[in-house]
Amino acid sequence: MTFDEGKPDDIRLAEADYALAQIDKGKATGNRHVLRFRRGVETRFSSLGEGIGRYPIIALVLVLAVCALCVLGFLRARFETDELELWAEKGGRLEDELAYTAAQLGAHSSSSSEILIQEAKEGENAISREALDEHLAVIDFVAKSVNVTKWGRQWNYRDLCFAVKPPPTTVSSLDDVIFDEMNPCVVLSVMDCFWEGSFIHNPASPLNISVDGSDYRRSVNWSSLNPHELIDELSKADNPLDEGIRTGLESAGFDGYVFKPCLHPENPKCPSTASRVDITGALLEGCKGYASAAMIWPSQILVAGTDWKTGGPSKAVQAIFRLHSIEEILKLLTRKSGNDWEPTTDDAIELLKEWRKEFSKRVYEFEENLQRTVVHVWTTDSATDVIEQFSTGSPALLALGYVLMIVYAGFVFLNIKSFVHSRVNVGVVGVILVVISTLAALGFSSLCGIALNPTSTQVLPFLVLGLGVDDMFVMAHAFFATYRDRANVPVHQITGECLKRVGQSITLTSVTNGAGFLLAAIVPIPAMRAFAIQVGICVIFNYFVLLLAFPAYLSIDAYRSRLRLCDMFCCFRISQQNKNFNGVAVATTTNGASRVPSSSPSPPPPPPSNAKTSGQATRPTKRSTEDLIERSDGVPVTTLIGARVDEERSPHSEAKASCSWENFGDSFVNFYSPLLQNLVVKFIVLALGLALLGVGIWGATNVENGLDLVEVVPSGTRQHGFVEASLRHFTFYDMYIALDNRNDIPSKQKELLEFHQKFASVPYILTKDVPTADGKVVKQVSEDFWLQKMIVFYDLFMKQYVNASAEEKSLLESFTVLLMDFYLLGQVGDGSYDVALAIQPNRSVISQVDGVKVIPEERYDVYLTAWVNMDILNYETAQPNFRPLIPTWLPATTVNIPPAPAATYAQMPMYADGLATSFDFIELIKQTRAICEAAEADGIYAYPRGSPFTFYEQYIGLQNSLLLAVGLILLACFLATSLLLLSAWTGVVMVVMLTTIAVEVYGFLGLAGIQFSAIPCVTVIVSVGAAVEFTAPLCLMFLKSTGSGNQRMHCALFYRFVPIFNGAFSSFLGFIMLAFSQFDFIVKYFFVVFIALLITGVFNGLIVLPVVLSLVGPPPQVKVIDKPTAKGSTDSPGPSLSMHSLSVHSQLSGRLATHEGTPV
C-alpha cells in the first residue's frame, strides 16, 4: 500500500509528479519547470527518509559515531584569554600596526602598570591630609611588604619594579649607593608632590656615603639626601664626576625630595629646604619624581575631578606601580640563579603573575586599616583572570537551561490519555541530539584551530539550543501527522513522506541561518568572529544530525508505538484490554489488531468520488475532513479515501484523543486565521507593522557606537568595582605615536618637531602651557618629545663650551682635560674622531633649520648614541624605545662614539584624557590618524598605538561591516529561496520581511540605549538569518497551496503556526538563561537583543507576514481548472477542488463561505 492509492484530486496535487500529470491532462495549470525541480527535490528527500526508516539503528549509530569523532577535537581545544587576541580588530590597518610593533619591540619587552585607586568615603576628601596619609600607607605597604616566595627566596616590589638606572660611572658613591641600593622604583602618585613621598623609596636603614678627596660624609636616605650638594661635592672630588653624566643629571632635574613641600610641616624631620605650599598648590602643576624635569606626572592622572583646583574636594586619587618587562625580569632571574637552574621566560611570567596576585590580595586585606578611603586594584592580569574565571560558564545554569528545554519538549509531545502514543521520549532525545551536535561542532571547530572564548561557553550553548530545536519541532510535527494518518503503511514510507514534506523547509532555514552566522564573521573582532563561525558550524552540524539521526529515532519510536510499548518506559507493554478514544472497550487479537464489540457503531463509509449532486460538488464526509484537519505541514496527505478503515482498528486512534499542545494550537489557528482575513484587521495589522518599522527607523538614528567597559567585567567582582571607580573618576590612557622604518629621522628633525606639536591641537591629548621667548604662552604636548630632550641636552653642552674661558679652551686643545664638549665637536659622524674638527671655530653640536634648533644631520647618529648613554634619566622617561637598540658607550673612555643604527621603530609618548564616551574615543582616533596621514606629505610615517586605538578602532568601520554582512545575508536568502523554490517573488517577500526585522532589531538598540559595538553588530547580523525561522516556513507553505489569498494564508498558518510558535518559545527558553549571566554585557547585548529579535520575529512572521502574503503573495505553483457540467446534468465530473476546499475550510473556521481554493 502506498501513499498514492486512493487520494482525491485536491490532495494529490500536492505531489509534484501527480500535479504534472494533471497539467498534461488539462485539468490544472502550472509551471512545469518548477514542478519538475520540486519533484526532484522531494523525491531525493523521500528516498533519504525511506533509507533511514529501513535501517534506523544503523543510521543513528553512524551519525553518533561521526559526532563522537568530532568531539575528540576537544583534546586540541584552546581557550583564548588574551584580551588583545579577543577584542583587537583584525584584518585592517590596526592588525598590520600591531604586528609591526610586536615584531620590532618583541612580545615581552614592555613594562607593565599595576593600578591602585583610593576612593574617598561619603563626606570625605581624597586629598585631605588624613586621606593622603592613608594613601601613603597603602603605597608604602605595597613597596615594602608585598612579597612572594619562589625558588627558595623572597621577591619584593623593589626586585621587580621598573627603575631608571644610569650607566656605570667612575664614582662609587653614585653607582653603589644612589643608583643601586637606593635606586627608587617608579611609582606615579600624588605623594611625589610631597616630601613624604620619599618614605616609599627609603631603604630599611640609612646608608653611608662619602666622596674621595672631600670631607663629605653622610648617612642618607631619600628623605635627607640633597642631590645638588652631592653633585657639587662629586665635581670637586679627586675622581670627578663625568661632565656628561653631570649634565644629564642636571638636565633631568635630579632634585630628590628635600625641596618638595611637606604634607605635615609640623613634622620635626621636615627638611629646611622644603618649599611652603598648601596641598592644592602642590598638586596644581602635577607631581614630579626625584628627577623633576624628567619625571612629571600630570595631575589629571593622579587626582580625580577638577573641583579641588578651586578649594573643593576630590573623590579619589590614583597610584600606578610600574613593573619591569618580562625580558628584564628574566635577566634578573639569570643573575640571581647562579648555577642552581636556568631560568626561562615562563619562569619570569610566573613570578610576575604571582606577585600581582599577591599585590591585589594584600592590598584588599590592608583596606581594613583604612578609615576614610576604600581601595580598588587592577593588575595587568586582571582582565585575563576574569576571562579565565568565568569562561567555563555556570554548569548549574547550563543544566537548568537544558532541563527546561527537555521539559517543554516533553510537554509538547505529551499525550496524557495514551502512554503508547505519548512521545515525551522523542522530545528528550531531540534535545539530546541538539546537545550532541553542538558538542561535535565545537570539537570540529577546535580541530580547525578556532579558539574558544567566553561567548563560546556563556552564550553559544543557549543560543544553539534555542535555534536547534526549531527544526526538531517542525520535523516531529510532520512525522506525527503523517503517522496518525497512516494505519497500515510501513514505517520507512512514513519517514520518507516526513522528509518529503519538511526537507525543503528545514534546508532553507538551516542554509540561511548558517549563512547568517558565517557571514557575521565579517566583523573584524576575533572574539565575535570566532563566536559567529562556531555558531555557524553548530547550525550546519545540527542540520545534518537532525536530518539523519532524528528521523531514525522517530522511526524507532514508531515501531515502539506499534508494539504498544509505553512512552519513556519502553520495557512495559500496555495491557491487552484498553479503550478507544470514545470510551469503547477494545480487545486485542493475537496478531495485535483491535476488535470492537458488535454493538460499537462503525463510522459510515465516505461517499464515492462520483456521487450525484444537484449543481454542486459533494460535501466531504466527517472522515475526510478530519483527515485534512489533522495534517500539519506543507504537503497534506490523507488516508485511503473510499477504502473502509474502522477507526477502532487503527492503532493510532488514541493519538487522536490527545490533549496535547498541538491540538490546542490547531484550535487557536482555527480562530486566529479567520480573524486575519477580516479587512479591518488586515488594515490594523499593516498599520501596526508600518508603525513598528517607523519606530525602528527612528531608533536606528539614535544608535551610538561604544561598549561600556563596566559591562564587560562580571558584576559583583572586585574588578567590576575598579572599573566603576575608574570610569567615575579617571578617563586617561597612555598612548604613543610610533615611527616606522620609512622615516629618515636625521633629515626630518624639523618636520618631526612640528609633527609632534600638532598633537597639542587634539582636545583629548594632555597639554601644558609653555612660555615663549617673546612672552607668549603656547600649548605643547605634556610629555616632551625625546628629540626635544636631546636638543636641550646638547644645547646646554654648547652653552658650557661657548661660556668657557680662553684658558679652559686651551686646555681642551692640549687634551690635558677631556671634556665632553671636545669629544662631541670632533665627531665625524661615522664613529671616527678628528681633532681638527674639535678645535674648528664656530663648530657646534647644534644647528638650525629655518630658525629651529636641530642636531647636525651628518652627526645625528653619533650624538644619539652619546645622548642615550649620558642622559639616561631623560632618555628612559622619554620612552623612545629605539629599535634597533642604541650601542653602549661609556663617557670619557674613548673619543670614538659608535653611531646609532637607522631606527626602524621609535615612539612619542602622550597621555589621552577626557575619554568618557565612545564618541570621545572615536574622535581621538579620527583626529590623531588625520594628523598622521597628513604628515606623510612631509615624509613622516607614523601611526598611533595604545588601548584607545587597539580596542576602539573597530568602531570606525563597524557600520560598514554591518551593512555589508546584512546585504550579503539578504542576497544569500534571496538566492537560496529563489533557487530552492524557483520563485523570485517569494524571495523578494522574504527579503522585505527580513530587512524589516533587521531594521527593527537595530532600531531597538537605540530605543533601549544599547551602544553599537561588535557584539550587537553580530546579534543584528544573526537576527537576519534567525528571522528566516519565522518567515520561510509560511512562505513555502503559501507557495505550495492554491486558491484565494485568504485560503492560502489559512493553509500556511494551519500547517506552520504551531511549529513556528514552538520554535520561538523554545528559543525563548534557551535565551532566558542568558539573563542570569554574571557578565552584564551578555545580559544586555545578547539576552535583551535576542528577546527583541523573538518579539519582532513573531510579530512580523506570524502576524504581519500572513496578511502581506494574502494581499501580495506569490502565485501558487498549481491552479486547478474547474470545468462546468452540462446544463441539466446531474452527474458531477468528480469532486471539485474549489468546492471541496470550501467545505473543509468551512468546517475548520466556520467563517469561510464564498472563497475558492484549497490547501495543496
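This is a predicted model: local features need pLDDT of at least 70, side-chain atom pairs count only at pLDDT 80 or more; totals for chains, interfaces and linings use all residues.
N881 is partly exposed, with a relative accessible area of 27%. N881 sits in the loop between α34 and β20. Its phi is near 50°, a positive value in a residue other than glycine. The loop between α34 (872–878) and β20 (906–912) also holds P884. There the backbone has another feature: the peptide bond from R883 to P884 is cis, with omega near 0°.

W151 also has a positive phi, about 55°, although it is not a glycine. Look for W151 in the loop between β3 (148–150) and β4 (153–155). Its relative accessible area is 33%.

Now step back to the whole chain. The protein has 43 helices and 24 strands. It contains 1160 residues, and buried residues make up 59% of them. Consider the contacts with a separation of 6 or more: residues 24 or more positions apart account for 76% of these. I684 and V1104 are 420 residues apart in sequence, yet their C-alpha atoms are 9.9 Å apart in space. I684 belongs to helix α25 (residues 679–700). At 44% relative accessibility, I684 is partly exposed.

Next comes the interior. In soluble globular proteins, nonpolar side chains tend to be buried together. The largest nonpolar core here has 318 residues. Which of its residues touch the most other members? They are L283, M528, F755, W786, Y794 and F1086. The largest share of this core comes from helix α21 (residues 526–562), which supplies 20 residues. A second, separate core has 6 residues, including L20, A28, L35 and V1118. Back in the largest core, take L283 as a case to inspect. Leaving out residues up to four places away in sequence, L283 touches I127, V190, C193, F194, S299, V303 and W308.

Start with α37 (residues 954–981) and α38 (residues 984–1008). Their axes come within 8 Å and cross at roughly 150°. Angles over 145 degrees count as roughly antiparallel, so α37 is roughly antiparallel to α38. The crossing of α37 and α38 is right-handed. On the α37 side, the contact is made by Q959, L962, L970, C973, F974, T977, S978 and L981. On the α38 side, the residues are A984, T986, G987, V988, M990, V991, L994, T995 and Y1002.

The second pair is α4 (residues 56–71) and α17 (residues 424–447). These helices pack at an angle of about 40°, with their axes 7 Å apart. The roughly parallel class covers angles under 35 degrees; α4 and α17 are therefore oblique to each other. Their crossing is left-handed. From α4, the residues involved are L64, C67, C70 and V71. They meet L433, I436, L439, A440, G443 and F444 in α17.

Helix α35 (residues 918–935) has 18 residues. From first C-alpha to last, α35 reaches 26 Å, close to the 26 Å expected at 1.5 Å a residue. Its buried residues are S918, D920, F921, I922, E923, L924, I925, T928, R929, I931, C932 and A935. Helix α7 (residues 129–145) has 17 residues and reaches 23 Å, close to the 24 Å expected. In α7, the buried residues include A131, L132, E134, H135, L136, V138, I139, F141, V142 and A143.

What does E97 contact beyond its neighbours within four places in sequence? Its partners are R929, Y943 and P944. R929 is also among the buried residues of α35.

Note on methods:
Residues are numbered from 1 along each chain as its sequence is written. Side-chain values use heavy atoms; hydrogens and water are left out. Helices (H or I, at least four residues) and strands (E, at least two) are DSSP runs, numbered from the N terminus. The expected span of a helix is 1.5 Å times one less than its number of residues. Buried means under 20% relative accessible area, exposed over 50%, partly exposed in between (1.4 Å probe, protein chains only). Contact means heavy atoms within 4.5 Å. A nonpolar core is a set of buried Ala, Val, Leu, Ile, Met, Phe, Trp, Tyr and Cys residues joined through side-chain atoms within 4.5 Å. Axes are lines fitted to C-alpha atoms, for helices over the stretch in contact, and angles run from 0 to 180 degrees between N-to-C directions. Angles under 35 degrees count as roughly parallel, over 145 as roughly antiparallel, 65 to 115 as roughly perpendicular and the rest as oblique. A crossing is left-handed if the near helix is turned anticlockwise from the far one by less than a right angle, and right-handed if clockwise.
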